[in-house]
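Please open the model in a viewer and keep the selection tool at hand.

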Amino acid sequence: MTERRQRVLSGMRPTGKLHLGNYLGALDNWVKLQEDYDCFYFVANWHALTTDYAHAGEIPENTVEMLADWLGAGLSPERSTLFVQSLVPEHAELHLLFSMIIPVSWLERVPTYKEMIEQLELQSPSYGLLGYPLLQAADILMYKPRYVPVGVDQLPHIELTREVARRFSNAFGPVFPEPEAKLTEIPKVPGTDGRKMSKSYGNAIYLSDPPEILTPKIKTMMTDPARKRRSDPGNPDVCPVFDLHKIFTPDAPRQACATGCRTAGIGCLDCKGVLLEHLLTPLGAIRERRQKFMEKPKEITEILREGSKNARRVAQATMAEVRRAVGLAL
Ligand code: TRP
Ligand code: SF4
């Protein structure tokens, strides 16, 4: 008996190579979901244009780098459908139809819209930026997934997606079941300067960092600022290095580090050495797999073309249903 697995869908904008924060906040979870769900993961390259069309030329390279990270981390085209948004143009058609039934005020209320305008100091935000979450709703509803794994920052977009599904049903009949957000438990991932890890802060540890880059990044990483000398006791609870220990180091050696820190029994370099022992191996495995794919970028584009073909089959079936429901089928 074949039991249909529940579907999961998520996407990422192709902003380039991924760092540890992206991995622990999303990708690692995507990989695990492959065990139990029928997973669709896609490259949101149209979404990448909403704030940065001036750098559109970097999208192809960023897509390849990001896919190398996906595959290196363990996403597999045999188990999941890996595809590219723009290779499934049905997303644009569905977005257009949604745009006919969704009030502008709903989109103006989405918090990420206001945040983007403030952050980027946009004088005249584009139509596409306003429509960003509506395109996202089309991305999602097209595949009728049960779950959408995202971080909390995306919750307003999932809520809007559910409202779009409801409004569409009221207008044209029940085509889209309401998906649910599957919140990813995100551990605190500090960057090398102790602030939240972010590409724009220049404090990131990348999945592509080889040991000769990774090791000095850890060795110079910010620690408990009150621990100035080797003889000063420290406090792991306020130390960003220790936040990484919590993610990577098993209990016994981690507790030994904590005790050594509080009693000034060990120095920060010793402590970082223990972290590196537990960090280098898992990250090395990802990096080596990613490296193999980077050497064969054609294989990456082949995976995406094939995946997009499969995604498109699903999208075309949905759109046939949608056109019939709306009254556009002849
Ligand atoms: N907005 C998402 C982000 O910035 C990316 C995205 C686009 C997405 N379409 C999606 C995520 C559909 C989940 C489902 O992270
Ligand atoms: Fe941080 Fe470890 Fe130094 Fe303590 S010993 S301050 S936990 S790096």
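This is a predicted model: local features need pLDDT of at least 70, side-chain atom pairs count only at pLDDT 80 or more; totals for chains, interfaces and linings use all residues.

Residues are numbered from 1 along each chain as its sequence is written, and ligands are numbered from 1 in the order in which they are written.

First, select domain 1 (7–189 + 297–326) and then domain 2 (209–290); these bounds come from an automatic or database domain assignment. The centres of the two domains, taken over C-alpha atoms, are 35 Å apart.

Next, display the boundary, where 14 residues of domain 1 are in contact with eight residues of domain 2 (contact means heavy atoms within 4.5 Å).

Now select ligand 2. Around ligand 2 are Thr223, Asp224, Arg227, Cys239, Val241, Phe242, Cys261, Cys268 and Cys271, each with a heavy atom within 4 Å of the ligand. Finally, colour helix 10 (240–248) and helix 12 (268–294), which each supply at least two residues of this shell; helices are DSSP runs (H or I, at least four residues), numbered from the N terminus.

Key: Side-chain values use heavy atoms; hydrogens and water are left out.
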